[in-house]
Amino acid sequence: MTVTREQLTSCDREPIHLSGSIQPNGFLLVLDGQRFSVLAASETTAVYLERPLHQIFGKTLTELFNAEFVQSIEERLPVVDQPFQARWLLTALLPGVSATEEFEVVAHRTGAHLIIEFERAVGAFNTELLNAALYQVVANTQSLGSAEQISELAVREIRRITGFDRTLMYRFDADGHGTTIAEVTNDRLPSYLDLRFPASDIPVQARRLYAMNRIRIIPDVDYQPSPIVFAGALNETAQIDLSGSILRSVSPVHREYMRNMGTLSSMSISVVINGQLWGLISCHHAEPRFLPFRLRSACEFLVQILSTQLAAQLRASELSKAIQLKSVQQRLLTHMAAEDSYIEGLTRYPQDLLELTDAGGAAVIVGDEIRRVGNTPSVEEIRRITGLLERRGHEESFATEQLAAFIPEAAEWSASASGLLAISISRLHRTVVMWFRPELVKTVKWAGNPAKPVEESNDNRIQPRHSFAEWSEIVRGRSASWLQEEIAAAAELRMAVLEVVLKQAEEMADLANDLRSANEELEAFSYSVSHDLRAPFRHIAGFSQLLLEQEATTLSPKGIRYINTIVDAATFAGQLVDSLLNFSRIARSSMSVMTVDLHSVFQEQWEDLMSSEGSGRTIEFGLSEMPTIRGDLTLLRQVARNLLSNAVKYTKNKAVAHVTVSSRLQGQEYVISVKDDGAGFDQAYEGKLFGVFQRLHRSEEFEGTGIGLANVRRIISRHGGRTWAEGRVGEGATFYFSVPATVFRALDVPDKPTDKP
């Protein structure tokens, strides 16, 4: 029967720390943490102490060992408060046994229990050889410049003092796979240098134990496990946590794995950097081999020295990379500060933007605008990626070397975007910076085919693979991995952009406050001046009219013409003042918001306009269905009146004029148009139409003050809408305004010129 490699994930759940047994080269006692009486013991305890287990259960240390040994244990107990942080070793001569043996004793606490292990003190080691190895390590570590060089020194010295057939450094990657980066071996065992081992070979919980209990030995793979027996409670055996045990029995799957590999004994020493399992020094032998605990501890100490140097070397490399990226980031900040828009600062200097993350292409997305530099997917493909990021929620950063795992169609973009690193600048508005990396096709050499089905035994137990021969795989669809320094640099850029945007927002807020104050002062001045000018202009017009009526017989024709000119000019000036006051009043007055039927508004304004215009003209008027909106009725009446009177005024030279009012729903707003076939205007001057006192025709041709359209823009702006116009000279004009289609809230929107869509 076979199972797939994916089914090996069940190995990740095997409770190997609850093995319930030990290796037989010693014995183990489980003591009550307070009374130090025996609660459980391995079956080998009866052999080594030459008494049955029932005579050992419940006994205290004093009842089992001599007073000197018990005293040495009790003196050391205070330092065993935390597992794996403090162990002590004693040499014990067991009293009362026929053949006295020497044991090395190790203790640690787990929960409420104290576990004491007695391991045979078998074999000796060459102290001079060990000292020479330590000297070589200390003397050479400072001159080594890479992780590979440090690893080569480690495996060479470990093999020299232990005598194993093969010693190798096995480095883990982010996915849990391991690669042999250094090795020393002989002809008895094959070489695994540069080969990769799948993560399933060392499951998750095994890696976790390696990080906690940093040295492990299996002297003879064919050992017979010695069960741990509880006094009167055999079913509690599996509940003893043996994570910190030096004698803990090994998973049957791992033992079979070793046999298939041709190694009958092994030892591993963990390389832990910054609390994480970075790699393993793994020692293999073609026949059983035992190393005493003290020699193993010396090897662990030697590896700790190398781990410290390795951590320093890796940290130095990280700092060097971080400093380089900091320089690039500083240049980008300078670019952003020099431009009006931070987007310009990022995209105008593409080399720096790409160098920040060592990317092949980049894109800056702000709203619907996308700016690309370098080798990137298309605009539509980038929109697809942006949608993915938005569905993932408000992540500040996102990084992957395999974008196709998230967007299957991204496999078609592999030449530009197998890898993606993205930062989200804003949680409220779509503002994203993306970096892309192309596919990096590479060949990976595995120790055996990782995709090959796995055998399952008759007892439903997964059998480890038998072949470790080199098997090559071509890996596609992945980019080079993003370094943590690159991801951090992107995150720092995000904060820098936020600071730039915040600074610009503060400057804009200060400017807006200054403009608001100046505008308020200007409006107050305009209102005051306009109000004060009304009386003088009325006096000029009034007294000139009286002079004309009462003294006409004594005035010459030229004098009468002069006085008529004065009356017309004063009257027009008065109209200008009234229009200016009205314009100022629109901005100063509060809005009274209600439901407004625009159809009724335009209809009544047209009828009123026609009644005042008289019946001397022929104008065909068309009014389509108008929406009902929320707004200020009085102000919207002014809009309709101004636009309709404009149309009537500029069609006065037409024998039959046409004025049409229509509406359409466009996105989230209604667009209203007033069209005529009158004098029209040159489209090049459209921007002047809505300004105060701006006119495109001479007053002799068409009367007016030039404030009507400015009033329209100000009113529509306060309603949250836009204004624009289209025209051709001699063919007519169309004036547009928009209002929100959603329910309008009475918010004053500041005046601002708006561009047509």
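Predicted model: local features only at pLDDT ≥ 70, side-chain atom pairs only at ≥ 80, totals over all residues.
Residues are numbered from 1 along each chain as its sequence is written, and side-chain values use heavy atoms, with hydrogens and water left out.

**The sheet**
- Reading across, the order is 24-26-27-29-28: 5 strands in an open sheet with mixed pairing. Strands are DSSP runs (E, at least two residues) numbered from the N terminus, and two of them pair if DSSP finds at least two bridges between them.
- Strand 24 (618-623) and strand 28 (723-728) sit at the edges with a single partner strand each, so one side of each has no neighbour in the sheet.
- On average, neighbouring strands are turned by 15° against each other, direction ignored.
- Strand 27 (residues 669-676) and strand 29 (residues 732-740) run antiparallel and are joined by 8 bridges. V671 has S738 in strand 29 as its bridge partner.

**The helix across it**
- Helix 16 (residues 633-649) lies across strand 24, strand 26 (656-666), strand 27 and strand 29, at about 170° to strand 29. Helices are DSSP runs too (H or I, at least four residues); contact means heavy atoms within 4.5 Å, and angles run from 0 to 180 degrees between N-to-C directions of axes fitted to C-alpha atoms, for helices over the stretch in contact.

**The cysteines**
- The disulfide count is 0, with a disulfide being a pair of cysteine sulfur atoms within 2.5 Å.
- C283 is in no disulfide, and its nearest cysteine sulfur, that of C299, is 7.1 Å away.
- C283 counts as buried because its relative accessibility is 0%; buried means under 20% relative accessible area (1.4 Å probe, protein chains only). C299 is buried at 0% as well.

How values were computed
Buried < 20%, exposed > 50% of the residue type's maximum accessible area, 1.4 Å probe, protein only.
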